[in-house]
Amino acid sequence: MGKKITVDPVTRIEGHLRVDVEVDGGRVSNAWSSGQMFRGIETILLGRDPREAWLFTQRFCGVCTTVHAIASVRAVENALQLEVPLNAQFIRNLIMGAHAMHDHIVHFYHLSALDWVDVVSALKADPAKASALAESLSPWPHNNTLQLKAVQNKVKAFVEGGQLGIFTNGYWGHPAMKLPPEVNLLAVAHYLEALEYQRKVNRIVAILGSKTPNIQNLAVGGVANAINLDNQATLNMNKLFEIKDILDEMMAFIEQVYLVDVCAVGALYKDWLPYGAGVKNYLAVPDFPLDTKGTKFDLPGGTIFNGDLGSVKPITSFNDPYFRDNVTENVEHAWYEGKATKHPYEGETKPKYGEFDPAGKYSWVKAPRFQGKVMQVGPLAQVLVGFAQGHELTKKWATKALETAGKVAGAQLSPAILHSTLGRHVARMVRTAMICEITLKHWGLFVENLKKGDTTIFNEPKFPSGTVKGFGFHEAPRGVLSHWVVIENGKIANYQAVVPSTWNAGPRDEKSQPGPYEASLVGNPIADPEKPLEVLRTIHSFDPCIACAIHTLDVEGKELAKVKAL
Amino acid sequence: MEKTVRVLGLGNVLMGDDAFGPWVIEFLSAGWTFPGEVSVVDVGTPGLDLVPYLSGASHVVIVDTVRSDGNPGELRLYRKAEVLKVPPQPRLSPHDPGVKETLLMLDFAGTGPEEVLLVGAIPGSSAMGVGLTPALQAAVAPAAAEVLRELERLGCPAAPRAGAIPAAPWWEAPASPVVH
């Protein structure tokens, strides 16, 4: 029996995830992922008007606001088989695209880069050497010696002022930190620039959603954006061009900075490429619809089993029974009544809390399955199902990423390296680049449609008497999100949200198959059990966002350290 | 820097007393109008997505629940230095709205607010469900008064709305039958 480490909780934002690992001979031999907060927010929706459900679901999580709003209106529209006007699809797509870019950039630079980047080491860097290295990989204009020197001075001032709390992860000088000082300096410089770009792209959500972070412009059946290209008070040409300018700037940042940084980190940590694959069944749903019915998309979806790209099977529409009929959730190892496996339409939320028992129930998260199989969701799933289907945009950006990383590593890298902890970061960047291109394309399609004189934004929903059921999916930043609604006489009779982090962070099921987090940790090296940086690396690579937690602010700092090695 | 003031309510409106921050925002918006340089926003629970709301503002007033010794509904006021005094927890901190981290990050970048006032209330129950406990409901008006006092001090006072109607947050509206 090896040493046991509990990391509680593991996310930096939104919630409460506990990870327990067993370490044997310096490697993880077994792992358990546990959601520590009851998540039954769906019950608040029972009896409500389906047209207002999205306002509530948007509040499930403070980081994933818009995605729950989009999935909710799609579920109700699906129940009514209601078409969505083209303009409304494009406006939603622009919001989704901007939100996704924002989310992915924050995740890499501000939430997970510090697992790989040692900020203090940047003080030892030679700015001229750092500049030369950066300029050999990217035309980005802000990588010059002068600007990098200024960043280094900022770090110095912060260290001398004792203010480095911002970068506190307790892991400086950790033996698993391997980047040269120059690369650390570049990463810090881009961390600062990324702050500016995440703010910039958020502006698109504000223009179209009228408010952020909780948008106001959605409606079952379309959107509520008045459009008049010449009116200052509505969505007009000025505002549309502001959006276009921001998207152009984002494209440059993603291609010249984000892509290069992820590839450099991946290449310089190539010893890590064999770790973290875990579950190689992948699920993604299609998104960025191009028509009113949701049958044509710019981002492909589908399934892959056992890592075999040849097994890819597409999901092709908002009505596709291949998705609708194959999703279940099991509660054998989750703190709910019974051991049942249920389809989301029949899903129940009957809590039964007990002790953390790895052999029995140990998580508030249910175990979602597709045809009974554990699936990994998220950008990696999306990139692999796209790649397997020959999706041009996926191939273009994945190839560019592998080439750039290969140049830094001095080796040829194949797509097989993507099944890994680092691969999830690369895939997230590939997805960001694709989404920026798609969002630009949809901006063009939207403007073209408006020029034709079409200003329709809404089809009115009509609720029949009796029971109707619908599901709505969205390929959210963290992966497949689906909302399932049962409507009786115009009121919500059941509502279930199967969220991306449920797919990835869920516990074992009735067949004792471990969830993706659990499987991905097995085999990871652990240099120092008191500082399990490697566990954080793999878990953070999924971009966890687990509960929709309460957020009491702890100014006085009474929290205790949460890593326990027994 | 030109004066830009942001009043931000933090919290999850579906989690009992955690809705305190958004409730105070609803209360303020229903009863007062604000000068152009002041924006009053319910930001929910954005974690590090606070960046766009804190950057570029000269002054920020945050309303949130806080962990402190005392009874539910008691208010605690903190200034920026106090918020930053205890460094953020090593990257494992739970339920952290990211206020400290965001402020430090923006100070590092040079775009952080000069002054911050945090108006915090000690929560009673933050279980899933809508509605504040009585102690927190009673603290809404005093917390709003602190916000109004701060705006006055900053030279951009709010004006009471004529014929104001009481705040009625949308999330507390009961589920009702649908009329076809």
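The exercises below concern a predicted model and are each followed by a worked solution.

**Exercise 1. Compare the radius of gyration of chain A with that of a compact globule.**

Solution. Start from the chain length, which is 566 residues. For that number, a compact globule would have a radius of gyration near 24 Å. The value for chain A is 23 Å, so the two agree. Next, take the extent of the C-alpha trace: along its principal axes chain A spans about 70 × 60 × 55 Å. Finally, turn to burial and contacts. Of the residues of chain A, 58% count as buried. Among contacts with a separation of 6 or more, 75% join residues 24 or more positions apart. The secondary structure of this chain comes to 14 helices and 17 strands.

**Exercise 2. Check the length of helix H5 of chain A and work out where its buried residues lie.**

Solution. H5(A) covers residues 145–160, which is 16 residues. The expected span is 1.5 Å times one less than the number of residues, which gives 22 Å. The end C-alpha atoms are 22 Å apart, in agreement. Now list the buried residues: A:Leu148, A:Val151, A:Gln152 and A:Val155. Seen down the helix axis, they fall within an arc of 100 degrees, so they line one face of H5(A). These buried residues pack against helix H4 (127–137) and helix H6 (181–209) of chain A. The face turned away from the buried side carries exposed residues, namely A:Leu146, A:Asn153, A:Lys156, A:Ala157 and A:Glu160. After the helix comes A:Gly162, with a positive phi near 65 degrees.

**Exercise 3. Decide whether A:Thr212 is buried or exposed, and find its contacts.**

Solution. First place the residue: A:Thr212 is in the loop between H6 and strand E4 (218–219) of chain A. Then count C-beta neighbours inside 10 Å. There are 27 for A:Thr212, and the cut-off for a buried residue is 20 or more. A:Thr212 is therefore buried. Setting aside neighbours within four places in sequence, its contacts are A:Asn202, A:Val205 and A:Ala206. The C-alpha atom of A:Thr212 is also 9.1 Å from that of A:Thr65, although the two residues are 147 apart along the chain.

**Exercise 4. Describe the largest nonpolar core.**

Solution. This core has 195 residues. The members that touch the most others are A:Leu384, A:Ala401, A:Val430, B:Val24 and B:Val147. Helix H3 (residues 86–112) of chain A gives the most to the core, with 15 residues. A second, separate core has 26 residues, including A:Ala176, A:Ala505, A:Ile526 and A:Leu536.

Terms used:
Residues numbered from 1 in each chain as written. Chains lettered and ligands numbered in written order. Predicted model: local features only at pLDDT ≥ 70, side-chain atom pairs only at ≥ 80, totals over all residues. Helix = DSSP H or I, 4+ residues; strand = E, 2+ residues; numbered from the N terminus. Buried ≥ 20, exposed ≤ 12 C-beta atoms within 10 Å, placed from the backbone. Arc of directions from axis to C-beta. Contact = placed C-beta atoms within 7 Å. Rg over C-alpha atoms; globule rule 2.2 N^0.38 Å. Core = buried A, V, L, I, M, F, W, Y, C linked by C-beta atoms within 7 Å.
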